[in-house]
Amino acid sequence: MNIEWYIVLSSLLFAVGAGGILLRRSPVVILLCLELMLNAGNLSLVAFSRMVGNQEGQVFALVVMVVAACEVVVGLGLIVAIFRRRLPLDVDELRELRG
Amino acid sequence: MEAVLFFAAAIGALGGAIGVIAMRNPFYSVLALIIHLFSLAVLFLLLTAAFVAAAQVVVYAGAVMVLYVFVVAYIGGGEESAWESIPGQRLLAPLIGIALFVELAIAVLASSLLALGTDGPDVKAGFGDPAEIGRLLLERFLVPFEATSVLLLLAAVGAIVLASRRGAATGGSGAASAGTPREGEPADAAPGPSIGDLA
């Protein structure tokens with residue numbers, strides 16, 4: 001398969017993730033859409049590393065995976081904290097930083 | 001054969017991605033994301049990135065998704081209200097997404113990278129397997145590798161601090177003074193799993 005196919009698929013997945021972030025209002029689903037965008041980035045990193053025949057892009061993809069895992073842990077911790085305080089789980093209603 | 005596998009995995013990845021944003025219930029969104037991640041692992045295998053594919057399945061589809069499932073089960077898979085605070089959000093968001101894809105596709109198709117239209121160079125047999133990636137991580141990228149371990153530790157500590165009951169109780173008085181209706185402090189005493197408890 002041409003590398004081009006992978007890159008086009010990756011940009012399609014990225015666009016789906018970005019559209020999802022704009023569309024949805026539940027913070028959990030927004031985190032899931034962030035995962036979609038990060039994974040699209042990973043796919044293009046691995047595809048480009050195959051294109052040059054160099055494994056360093058794959059190491060980069062692994063680091064992106066670690067950063068995504070950290071982001072998920074902190075994001076889900078925030079969501080649990082929001083839920084504990086009986087605040088609405090809706091990003092449009094959570095636009096004030098206080099309380 | 002490779003084309004069949006590619007298109008099957010691409011359809012799986014795309015269907016999973018659309019399922020994530022189309023499902024009303026967050027629990028089904030998480031399940032759709034698991035399908036998406038498995039399809040991406042197949043794509044990584046096609047790109048001769050065996051170790052990245054294995055890490056994708058073990059770390060993402062295994063550990064991270066379990067965390068998501070626990071949190072969605074804890075907060076309850078409530079559906080979001082149909083009320084739109086931004087007028088026309090349902091219409092505008094897909095349009096902006098499509099515009100983004102068109103822009104990216106133009107950038108890819110018009111790029112002067114000649115190697116984009118090829119299958120990539122022939123690589124040696126061990127390309128992307130754990131031994132090669134491990135050698136790169138521990139020799140050339142040792143400092144970034146150690147930095148990610150510090151980052152993971154910081155994220156774990158941060159999540160425990162954020163989700164701990166004590167943190168919720170001290171912040172709770174601030175929420176009460178801000179006028180948020182609360183039915184007493186002991187409301188937090190309801191037993192339930194949290195990230196702090198699980199970790």
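The contact between the chains takes 66 residues from chain A and 83 residues from chain B, where two residues are in contact if their C-beta atoms, placed from the backbone, lie within 7 Å. On the side of chain A that touches chain B, H1, H2 and H3 (56–84) of chain A each supply at least two residues, and H3(A) gives the largest share, 21 residues. By class this side has 42 nonpolar, 12 polar and 12 charged residues; Ala, Val, Leu, Ile, Met, Phe, Trp, Tyr, Cys and Pro count as nonpolar, Asp, Glu, Lys and Arg as charged, and the others, Gly among them, as polar.

This is a predicted model, in which local features need pLDDT of at least 70 and side-chain atom pairs count only at pLDDT 80 or more, while totals for chains, interfaces and linings use all residues. Residues are numbered from 1 along each chain as its sequence is written, and chains are lettered from A and ligands numbered from 1 in the order in which they are written. Helices (H or I, at least four residues) and strands (E, at least two) are DSSP runs, numbered from the N terminus.

H3(A) has 29 residues and spans 42 Å from its first C-alpha to its last, close to the expected 42 Å, which is 1.5 Å times one less than the number of residues. Just after H3(A), A:Arg86 has a positive phi of about 60 degrees.

Within chain A, H1 (residues 3–23) and H2 (residues 27–52) pack at about 165 degrees, with axes 8 Å apart. Axes are lines fitted to C-alpha atoms, for helices over the stretch in contact, and angles run from 0 to 180 degrees between N-to-C directions. H1(A) and H2(A) are therefore roughly antiparallel (an angle over 145 degrees). Their contact includes A:Leu13 and A:Phe14 of H1(A) and A:Met37 and A:Ala40 of H2(A). By class, this contact has 18 nonpolar, 5 polar and 1 charged residues.

The secondary structure of chain B comes to 8 helices and 0 strands. Here H2(B) (residues 26–46) and H3(B) (residues 50–75) pack at about 175 degrees, with their axes 8 Å apart, which makes the two roughly antiparallel. Among the residues in contact are B:Phe38 of H2(B) and B:Tyr60 of H3(B). The contact of H2(B) with H3(B) divides into 21 nonpolar, 1 polar and no charged residues.

Of the 199 residues of chain B, 25% count as buried, that is, with 20 or more other C-beta atoms within 10 Å of their own, the C-beta atoms being placed from the backbone.

How values were computed:
Parallel < 35°, antiparallel > 145°, perpendicular 65-115°, else oblique. Buried ≥ 20, exposed ≤ 12 C-beta atoms within 10 Å, placed from the backbone.
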